[in-house]
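Okay, everyone, let's get going.

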Amino acid sequence: MSGEAAAATPAEAGDAPEPELLHGAPVARSGGQLTVHPARDGYLELVAALRGDGYWVCTDLCGVDYRGYGPSRGLPPGVSPERFEVVANLLDPTARRRVRVRVQVPEDEPTVASITSLHPGADFHERETWDLFGIHFDGHPHLTRILMPDEWEGHPLRKDYAVGRIPVQFKAPRSAR
Amino acid sequence: MSATDLDALDAALEHLGRDGSVLRMSETEAEERSGYQPPTGEGLGERMIMNMGPQHPSTHGVLRIVLELDGELITRSKPVIGYLHTGMEKTGEELTFLQGPTNVTRMDYASPLFTELAFSLATEQLLGIEVPERAQWIRMLMCEVNRLTSHMLFMATNGMDLGAVSMMLYGWREREELLRFLEKVTGLRMNHNYIRPGGVAADLPDGWRDDLLATLEPLPDRLEEFDTLMTGQPIWRERLQGVGVITTEECLSLGVTGPILRSTGHAWDLRRDMPYLRYDEVDFDVLVGSYGDCFDRYAIRLNEIRESIRIIHQVLDKMPSGDYRIQDKKVTPPPRARIDESMEALIHHFKIFTEGFKVPEGEAYVAIESPRGELGCYIVSDGSSKPYRMHIRGPSFVNIQSLPHLMHGGMVADAVAIVSSVDPILGEVDR
């Protein structure tokens, strides 16, 4: 199985011979937690392969905007950082283990494959990520805003989206005693 | 562990995709097509779009469900959320790690301590610290009391939704007694900000043990009363049994956890399966159902109250003495008495509350078992005193996706029972 998946992302394997590979994607560990860093076009295949390995549940999927992030991001060699990252947390309920899939998504083309065909539960998560980060999920059945109103402009969780402030008018106390 | 395999999961995946229970329609279009459309000769039996909520009493807040009806039957449906969205994840990026719990505690307002716990555990994982033994047991104790209040709230609202109005009063009464204990310890009935990175905010007050025992003492009898009032009642069973059925494979595909997953017969409880705190040192049962219907979900929550009481009694026996928070000058403020005598302690105190403590860069995902399922917290830190990204995986947010599948082919009247049995907390859904 790992041979087939490795063939799907030959560029990754070629670029970085040192790191540990899982289905052809470089692996890192962050505080004891396993993270996999597939290339953007190998993401869906990797999630499919992991599902075959027993990672049946996609517990969580969210976006991160790394714009202006100072320190190194703990990426294994061979993975070039991009502005956005889509993080999917997969759970293997039989072996009781978790893996985190981190995909780099470039700013100029914020598109990544949707995993709703494998994990229908990622539906809301992907809509939320689209809504709040503007990351487009290819193949999602109904990618619309979920938390913000339909007509909202902008994607609030992006780092260049300022925290809005609405002036609050306080009334003067009715009696000054 | 049930005998699920990949083939069964694939079958469920195909089934979920095929049966077309999810309505994909924009909110505006649903608005336009909603309301009564008089049937014409040709169009008799045409499907009607109906909006349930967001101001419907049984939607537990502001959940709106767009229902496509074929007469009395629900064919497709779509939960519409976001009415309570206040950008708490964005706010979380503006608050220090010390202020973070005040924010996240407002997400799941029925079980606030769990969100605080998930946030604190994720922060502590990044910090690489382990809180003292006593703090861990206090956290467990408080979380289990909170689980009781949350399930009592479910008992109350579930009863009210289904017409057992007296149950509403009873559930609320018990919850209030338990909240009184939480108030005594944390100072607040809800939104406690009690569990913080590094431990808990304060030690248990004098006399907490007697208070808690006195609060717990009547509960077993009251639960018997609940059983008499509801579990054995033919009307109650008629209303819930066989309604809103879901399978293990569907739950796993949808990421649905908590009592809904357990009601299908799949014993999955993070407290037992991936233990955190000291849950591996207490003895309790993971309750499962067999049909995955509304009745199973009700019965599981009712009996989880009994299991939580069991856990609380064990925690009472095992509660160690010691510190209630880590004595790390960089993370927790010094004891009040030290501030009077030490300039350094004063500086630490000042620094922690003005700029907060710095958390090493990295990212961490921590999941705990909240009353509603897997509650996860994903934090990315850039080495400063504020999270670079803070994401909460709310169990209700995911569980709500099961609504279309639970409702598909059911009656309109059952929609209320189904929403109630999923027990969503909209504060956590919308964040």
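Predicted model: local features only at pLDDT ≥ 70, side-chain atom pairs only at ≥ 80, totals over all residues.

Residues are numbered from 1 along each chain as its sequence is written, and chains are lettered from A, with ligands numbered from 1, in the order in which they are written.

So, chain A. It has 4 helices and 8 strands, and along the sequence they come as α-α-β-β-β-α-β-β-β-β-α-β. Look at β6(A), residues 97-105. Is this strand mostly covered or mostly open? Mostly covered: 8 of its 9 residues are buried. By buried I mean that 20 or more other C-beta atoms, placed from the backbone, lie within 10 Å of the residue's own. Over the whole chain A, 46% of the 177 residues are buried.

What does β6(A) pair with? Well, β5(A) runs antiparallel to β6(A), and 9 bridges join the two. One bridge to find on your screen is A:Val86 with A:Val103 in β6(A). These two strands make a hairpin with 4 residues between them, and A:Arg96 in the turn has a positive phi of about 55 degrees. Strand β3 of chain A, residues 33-36, also pairs with β6(A), but in the parallel sense, over 2 bridges. There, A:Thr35 sits opposite A:Arg100.

Now, where do the chains meet? Here 36 residues of chain A are in contact with 46 of chain B; contact means C-beta atoms, placed from the backbone, within 7 Å. On the chain A side, β4, β5 and α4 each give two or more residues, and β4(A) has the largest share with 6.

On to chain B, with 20 helices and 8 strands. Its radius of gyration is 23 Å, close to the 22 Å from the globule rule for 431 residues, so chain B is as compact as a globular protein of that length. That radius is taken over C-alpha atoms, and the rule is 2.2 Å times the number of residues to the power 0.38. Buried residues make up 51% of chain B.

Last stop: helices α7 and α8 of chain B. They pack at about 170 degrees, with axes 10 Å apart. The axes are lines fitted to C-alpha atoms, for helices over the stretch in contact, and angles run from 0 to 180 degrees between N-to-C directions. The two helices are therefore roughly antiparallel, the word for angles over 145 degrees. Among the residues that meet there are B:Phe181 in α7(B) and B:Trp208 in α8(B).

Definitions and conventions:
Parallel < 35°, antiparallel > 145°, perpendicular 65-115°, else oblique. Contact = placed C-beta atoms within 7 Å. Buried ≥ 20, exposed ≤ 12 C-beta atoms within 10 Å, placed from the backbone. Pairing = 2+ DSSP bridges.
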